[in-house]
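Dear colleague,

I am passing the structure below to you, together with a written account of what was found in it. Please read the account with the sequence and the model side by side.

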Amino acid sequence: MKKLAALFCCLFFVWSSGVSYANELKKPSEMLVAKDEKEGVFIYATPFPKDDLFRNFRVEIGKAVVEPLDWQISTREERRPELHVIDLNDDGKKEVVVILTLGTGTWVVQKEAHILQEADTANGKAFEEMDIDNPVHTIQRDFRITATDKKINVEGRGHTWEANNICGITNFKHRFPLHQSVNWKVEGKNLSAHVGLTLTDNCVPGEFILQYKQRGEIYIAERIKVNL
């Protein structure tokens, strides 16, 4: 009886080890999705093919490691992260700027920007993600936009812009779907958000260009240009 029990335990151990090993094989492995070898910055993410998403991001900055909790993008090649290592705030130290493409389509661009910056923490210096003022919220807070089938009017920050509505029609009078066209860009050492003014499903006759600078613990739109 003891021999039978020992044999059963042995078989159970072998079976459970096999299950455990099989489960390990099923776990997706992380991939390198962006890099700047010169600056020593590497971005890894884990693909989840069933959802067509990269999740569980990990950013190596020299010897530092940052693991953002809420980043996710499509696994399609054209959606790979944009990586920029630049001195955004003119303090002599370089920040890591990561731009994620959430969606694209006809007259639709949806991106989000993330800034990883070295900061003093309770455990010494470490890279942390900085807050960025949402460009859509900034426009909605600081500007008044109206449109008719003939005219577009924008007022805010002490200026007024007016132009003919080249679309010839508008689906929106006062509340516009600005979130449909948010395109973040790094040009030189500047981070900017280009937000399209959508009037119809296939006509975006104007845009807001917001240039971001650090103010305390947050990056805000220091200057906003309106193109109509």
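H137 counts as partly exposed, with a relative accessibility of 46% (buried is under 20% relative accessible area, exposed over 50%, and partly exposed in between, with a 1.4 Å probe and protein chains only). Its place is in helix 2, where helices are DSSP runs of H or I of at least four residues and strands are runs of E of at least two, numbered from the N terminus. H137 and H179 are 42 residues apart along the chain, and their C-alpha atoms are separated by 9.4 Å.

Please note that this is a predicted model, in which local features need pLDDT of at least 70 and side-chain atom pairs count only at pLDDT 80 or more, while totals for chains, interfaces and linings use all residues. Residues are numbered from 1 along each chain as its sequence is written, and side-chain values use heavy atoms, with hydrogens and water left out.

The largest pocket

Rolling a probe the size of a water molecule over the atoms shows where empty space is left. On a 1 Å grid over the protein atoms alone, a pocket is an open set of points where a 1.4 Å probe fits, with protein on both sides within 12 Å along at least five of seven lines; lining residues have an atom within 4 Å of a point. The largest pocket holds about 300 Å³ of space, the volume being the space filled by probe spheres set on the points, which are joined across faces, edges and corners. Its lining has 17 residues, and K111, E112, N134, P135 and W184 are the closest to its centre.

Which elements supply the lining of the largest pocket? At least two residues each come from strand 8 (108-121), strand 10 (131-132), helix 2 (135-142) and strand 14 (181-187). Strand 8 gives the largest share, five residues. By residue type, the lining divides into eight nonpolar, four polar and five charged residues (Ala, Val, Leu, Ile, Met, Phe, Trp, Tyr, Cys and Pro count as nonpolar, Asp, Glu, Lys and Arg as charged, and the others, Gly among them, as polar).

Salt bridges

Side chains of opposite charge can pair when their charged atoms come close. A salt bridge here is a side-chain nitrogen of Lys or Arg within 4 Å of a carboxyl oxygen of Asp or Glu, and by this rule the count comes to 14.

One of these joins E30 to R58, with the closest N and O atoms 2.3 Å apart. The pair links distant parts of the chain, 28 residues apart: E30 is in the loop between helix 1 (2-26) and strand 1 (31-36), and R58 is in strand 3 (residues 53-61). E30 is partly exposed, at 35% relative accessible area, whereas R58 counts as buried, at 16%.

A second example is K93 with E118, whose closest N and O atoms are 3.7 Å apart. K93 lies in the loop between strand 6 (82-86) and strand 7 (95-105) and E118 in strand 8, so the pair ties together parts that are 25 residues apart in sequence. K93 is partly exposed at 39% relative accessibility, and E118 is partly exposed at 34%.

K35 and E37 also form a salt bridge, with the closest N and O atoms 3.8 Å apart. K35 is partly exposed, at 48%, and E37 is exposed, at 57%.

Strand pairing

Two strands pair if DSSP finds at least two bridges between them. Strand 2 (residues 41-48) runs antiparallel to strand 3, and seven bridges join them; T46 stands opposite R55 in strand 3. These two strands form a hairpin with four residues between them, and D52 in the turn has a positive phi of about 55 degrees.

Strand 3 also pairs in the antiparallel sense with strand 4 (residues 64-66), over three bridges, and V59 has V66 as its bridge partner in strand 4. This hairpin has two residues between its strands, and G62 in the turn has a positive phi of about 65 degrees. Strand 3 and strand 5 (residues 73-74) pair over two bridges, again antiparallel.

Elsewhere, three strands form an open sheet in the order 11-12-13, with antiparallel pairing. Strand 11 (143-147) and strand 13 (159-164) are the edge strands, each pairing on one side only.

With kind regards
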